[in-house]
Number of protein chains: 2
Amino acid sequence: MLISYEESLKILHSHIKSYERIEKIALTQCLGRILACDIKALKNQPEMETSAMDGYAIKFEDQDKALKILGTTPAGTMPQFEVTNGTCVKTFTGSLMSLGSDTLVPVENVRIEKDQIFIEKSVKKGFAVRKIGENYKKDEILLKKGTKLNYSEIALLAELGFFHISVFVKPIIGVLSSGSEIKDLGETLDNPAQIRSSNHIAIANLAKNLACDTRVFPLLKDDEKATLATLESALESCDILITTGGVSMGDFDFLKSAVKEYEIIIDKVDIKPGRHIKIAKANHKFIIALPGFPYSAMVMFNLYAREILNSWLCQEKDYITKAFLQGSYKKKTPYLEFVACNVEFKEGRILVNLEGKKEGSSAIINNLNHKAALMIVPKECEILENESLVDIVFMP
Amino acid sequence: MLISYEESLKILHSHIKSYERIEKIALTQCLGRILACDIKALKNQPEMETSAMDGYAIKFEDQDKALKILGTTPAGTMPQFEVTNGTCVKTFTGSLMSLGSDTLVPVENVRIEKDQIFIEKSVKKGFAVRKIGENYKKDEILLKKGTKLNYSEIALLAELGFFHISVFVKPIIGVLSSGSEIKDLGETLDNPAQIRSSNHIAIANLAKNLACDTRVFPLLKDDEKATLATLESALESCDILITTGGVSMGDFDFLKSAVKEYEIIIDKVDIKPGRHIKIAKANHKFIIALPGFPYSAMVMFNLYAREILNSWLCQEKDYITKAFLQGSYKKKTPYLEFVACNVEFKEGRILVNLEGKKEGSSAIINNLNHKAALMIVPKECEILENESLVDIVFMP
């Protein structure tokens, strides 16, 4: 009796320890990294009232008068003049407002005669004045631990004056692909029974998308003696070791027995693809033994390794959502299925379809191309009708 | 009279020349890069009939008989035996099917006695046999020029035997931020009128997200003499030069006049934020002069620089879609507006709301945090009601 997907996730979570590895890196290097602490505003922004346009700082009540220009406040300098009734200060975008002023009249609205301005088009009180704390107030929490740093979060950190940022150390994902039929990148195939390994590079790139470092280990041939030692050695260099191949029912599936030397926490799950998955624990590390078919391996990595990474890096599981199936889907297996699908945004709705997706084994890498997502087909289901609301999983 | 957004894009497109710069890079380095040619299957995959499970290769018609095991076909080796009536060959996941066989019976379905198998649970004809060309057929176009290479496309290229890939050379985005009030990362602020530059790092990271290289030039003070020379020199090192600040109505807006030394193709657009934008051409290069407020600069980069990059790198404009507004929005300006909004996927619908978005000037960087998108508020519109279907623009 295979355990269910939900049950397998429960078991997995019960074994995940917290991840407290933090490093400091330069702000210029932190695109895509995960913030390891909350970021709070140390002061109001702006700190003082600031002009949002080029114009004249005035008293609101003075708009019907000729106003004497006392001088200018270039951006970046402290105002040198106090605005009193009948006067104004030329003030630029980003300049501080002068003491005594409460409103900015844009240059477009005034006529200048000698050292005086006449306001030809009046504005509301406080026009174009950026209030103290407009962007954020002192002590406001601006970014939370677990935020994936993109362009605007990094810009905000720059504005706040940070240069050295606390981020989570990238977990290291090791990939050990096995199988006597697979040859590495750039190697010659000796006969039509051999294929090129793609799992190692697929998993490594998925891991990079999830803010991880990677170690791609040499391909492992189906060799009973070498397998356990290779596994042990690989595990030393990573936090989560992904193996591919060697876990099903074959005579040469030596990874299956090698993994069993560790504490197996999950052994087969009632899903397709990848039901032969095995997950073992080694202290705080994990070994995830995945099937050798590339589609299975990529999907299972996204379902299980990502689950661990989410916990470690404080990520929300926001990559699962609902969508409307276009066309119907007839289920072919008794398992919970994860089926590659195309996602389309149309008129405010999220649609999925299976156009161009090939039917066949889990060897079909190309089914995941072109930003494919996974449609979850429940175990107890024979057919999903057109327009069914289905669960989908985005790939990273 | 300002030109409309649509008009400005038309003008821009009329000036974009094709981008033919291609380089070859290692498959292990091409995550996120843009493919510069179509990729075609050079042969069928699989090339020969292949087993999808561990089991026995048989003739379908033989399932009710005792079948003599002739031997095994380990994965990666050429089959050594021909299956005739009354015989079978042990065959593993990924092994080639033996000549004469047409069906694979999984190990779970058979009982073994000495050198014979007895099939206890029969299967359909062709079961677990991967047909020739199941993944793809010879000459099928698998990836098109302009494909952004993610994990599965890279895995496919590995399977196809590619190691050195033709991708577009990354266009170089230069960023030249100006303003006497801005100080660089790590510099001390001398007074409360000074702020830290965030535009340069924001634009650089946006550019990285769009598969570009970046050059961040030293900050430019408001200095009339230095401006044109700095602009000329910066332009030498990049394909698109983004300047920020110095383009509005102030006395110190020297960038405005410096840019006018080039062929101005766009001078102000009827939009908010960023209506003071100027775009100039310099041979095949572009100068995009953006306002200094960070929200404006980030939004305008996404609207204009991305438009050029799309053309150069053969990208679809798939980051504009529709969504249902939650709550209403009252328009505050006479311009076409791009308003930062939160996007939520809910029950198959794409929703946007303005929760937590601060009202105020275009200085508010934090409005773009947390994966904000932009809601497009049409020019001729006073209020957008709750549940309006609005256009939105995803940021990269």
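This report describes how two protein chains are arranged in a predicted model, and which contacts occur between and within them.

## Relation of the two chains

Chain B can be superposed on chain A by a rotation of 180°, with 0.0 Å of shift along the axis and an RMSD of 0.1 Å. This is the relation of a two-fold axis. Among the residues of chain B, the one that comes closest to this axis is Arg349(B), whose C-alpha lies at 2.3 Å.

The two copies meet through the same surface, because 100% of the interface residues of chain B are also interface residues in chain A. In number, 94 residues of chain B are in contact with 94 residues of chain A.

## The interface

The size of an interface is often given as the accessible area lost when the parts come together. Here, chain B and chain A bury about 7500 Å² between them, and 59% of that area is on carbon and sulfur atoms.

On the side of chain B that touches chain A, several elements of chain B give two or more residues, including strand 11 (141-143), helix 2 (151-160), helix 3 (199-209) and strand 25 (349-353). Helix 2 of chain B gives the most to this side, with eight residues. By class, the side of chain B that touches chain A holds 44 nonpolar, 27 polar and 23 charged residues.

Side chains of opposite charge can pair when their charged atoms come close. Four salt bridges are found across the interface of chain B and chain A. In a salt bridge between the chains, the side chain of Lys358(B) meets that of Glu140(A), with an N to O distance of 2.5 Å.

## Helix 3 of chain B

Helix 3 of chain B is largely enclosed by the rest of the structure, because nine of its 11 residues are buried. The buried residues of this helix are Asn199(B), His200(B), Ile201(B), Ala202(B), Ile203(B), Ala204(B), Asn205(B), Leu206(B) and Ala207(B).

Both chains contribute to the cover over these residues. It includes helix 2 (151-160) of chain A, together with strand 13 (172-177), strand 16 (213-216), strand 17 (240-244) and helix 6 (294-312) of chain B. Helix 3 of chain B is followed by Ala211(B), which has a positive phi, near 60°.

## Salt bridges within chain A

Over all chains, the structure holds 36 salt bridges. One of them joins Glu23(A) and Arg33(A), whose closest N and O atoms are 2.6 Å apart. Glu23(A) lies in strand 1 (residues 22-26) of chain A, and Arg33(A) lies in the loop between strand 1 and strand 2 (39-40) of chain A, so the pair ties together parts that are 10 residues apart in sequence. Glu23(A) is partly exposed, with a relative accessible area of 29%, whereas Arg33(A) is buried, with a relative accessible area of 9%.

A salt bridge also links the side chains of Lys322(A) and Asp391(A), at 3.0 Å from N to O. Lys322(A) is in strand 22 (residues 320-325) of chain A and Asp391(A) is in strand 28 (residues 389-394) of chain A, so this pair ties together parts that are 69 residues apart in sequence. Lys322(A) is partly exposed, at 25% relative accessible area, and Asp391(A) is partly exposed, at 31%. The side chains of Asp190(A) and Lys183(A) form a further salt bridge, at 3.3 Å from N to O. Asp190(A) counts as exposed, at 56% relative accessibility, while Lys183(A) is buried, with a relative accessible area of 15%.

Asp270(A) is located in the loop between strand 18 (263-267) and strand 19 (271-272) of chain A. Is this residue buried or exposed? Asp270(A) has a relative accessible area of 11%, and so it counts as buried, the limit being under 20%.

The side chain of Asp270(A) makes a polar contact of 2.8 Å with the side chain of Lys379(A). Leaving aside neighbours within four places in sequence, Asp270(A) is in contact with Leu2(A), Ile3(A), Ser4(A), Tyr335(A), Leu336(A) and Lys379(A).

Key. Residues are numbered from 1 along each chain as its sequence is written. Chains are lettered from A and ligands numbered from 1 in the order in which they are written. This is a predicted model: local features need pLDDT of at least 70, side-chain atom pairs count only at pLDDT 80 or more; totals for chains, interfaces and linings use all residues. Side-chain values use heavy atoms; hydrogens and water are left out. Copies are superposed by least squares on the C-alpha atoms of residues with pLDDT of at least 70 in both. Contact means heavy atoms within 4.5 Å. Buried area is the accessible area (1.4 Å probe) that two parts lose on being put together, summed over both. Helices (H or I, at least four residues) and strands (E, at least two) are DSSP runs, numbered from the N terminus. Ala, Val, Leu, Ile, Met, Phe, Trp, Tyr, Cys and Pro count as nonpolar, Asp, Glu, Lys and Arg as charged, and the others, Gly among them, as polar. Buried means under 20% relative accessible area, exposed over 50%, partly exposed in between (1.4 Å probe, protein chains only). A polar contact is a pair of N or O atoms within 3.5 Å; within protein, one must be able to donate a hydrogen and the other to accept it, and residues adjacent in sequence count only if both atoms are side-chain atoms.
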